[in-house]
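Open the model in your viewer and keep the selection tool at hand. This tour goes stop by stop.

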Amino acid sequence: MQRTTRSIPRIHIFAALFLASVLSIGCSSSHSKTGGGESVQVILDEYKISMPTTFPAGQTTFNITNTGEHKHGFKIKGNGIEQELTSGLASMESGELTATLVAGTYEVSCPMLGHSLLGMHLTVIATPR
Ligand SMILES: [Cu+2]
């Protein structure tokens, strides 16, 4: 019988790290201050966007991860601002979008065709500092 050395596939390590970060979102504040602004975690899935619905106005970096199986994107619109990820995120891919938000209400959605209608849209509020 042949002896084989079994190594843990890299993907499992990434999955474990990712799960750990998702779990930590659940039990701690999901936005935190970094350098110049606030960072907000966003999870995209079929067909919903999970993120805090209120966060402080100002420079905001959205750290976006697609945990779904399909390609998803991220768009934020409101108060004269309209920004979106330059490309969609494949399954388990992450991206970052930084926007300077004045206090007010914004519409967040997935720009992929039909996804907003399937539930990938959300109203969020940037609160005055
Ligand atoms: Cu989508």
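What follows is a short walk through a predicted model.

**Stop 1: confidence.** Colour the chain by pLDDT. The average for the protein is 84. A score of at least 70 is reached by 72% of the residues. Now select residues 22-29. Here pLDDT stays under 50. The model has two contacts for this stretch beyond four places in sequence. Where pLDDT is low, the predicted coordinates should not be read in detail. Move on.

**Stop 2: paired strands.** Select strand β2, residues 37-45, and strand β5, residues 58-66. They run parallel, joined by seven bridges. Zoom in on Gln-41: opposite stands Asn-63 in β5.

For one example, pick Thr-65; its bridge partner in β8 is Ser-94.

**Stop 3: the core.** Which residues have the most contacts inside the largest nonpolar core? Select Val-42, Leu-44, Ile-49, Ile-64, Phe-74 and Tyr-106. The core has 18 residues. At least two residues each come from β2, β5, β9 (104-109) and β10 (121-127). β2 gives the most, with three residues.

**Stop 4: Phe-74.** Centre the view on Phe-74. Leave aside the neighbours within four places in sequence, and show what Phe-74 contacts. Val-42, Leu-44 and Ile-64 are among them.

Methods:
Residues are numbered from 1 along each chain as its sequence is written. This is a predicted model: local features need pLDDT of at least 70, side-chain atom pairs count only at pLDDT 80 or more; totals for chains, interfaces and linings use all residues. Two strands pair if DSSP finds at least two bridges between them. Helices (H or I, at least four residues) and strands (E, at least two) are DSSP runs, numbered from the N terminus. pLDDT is the predictor's confidence in each residue, from 0 to 100. Two residues are in contact if their C-beta atoms, placed from the backbone, lie within 7 Å. A nonpolar core is a set of buried Ala, Val, Leu, Ile, Met, Phe, Trp, Tyr and Cys residues joined through C-beta atoms within 7 Å. A residue is buried if 20 or more other C-beta atoms lie within 10 Å of its own, exposed if 12 or fewer, and partly exposed in between; C-beta atoms are placed from the backbone.
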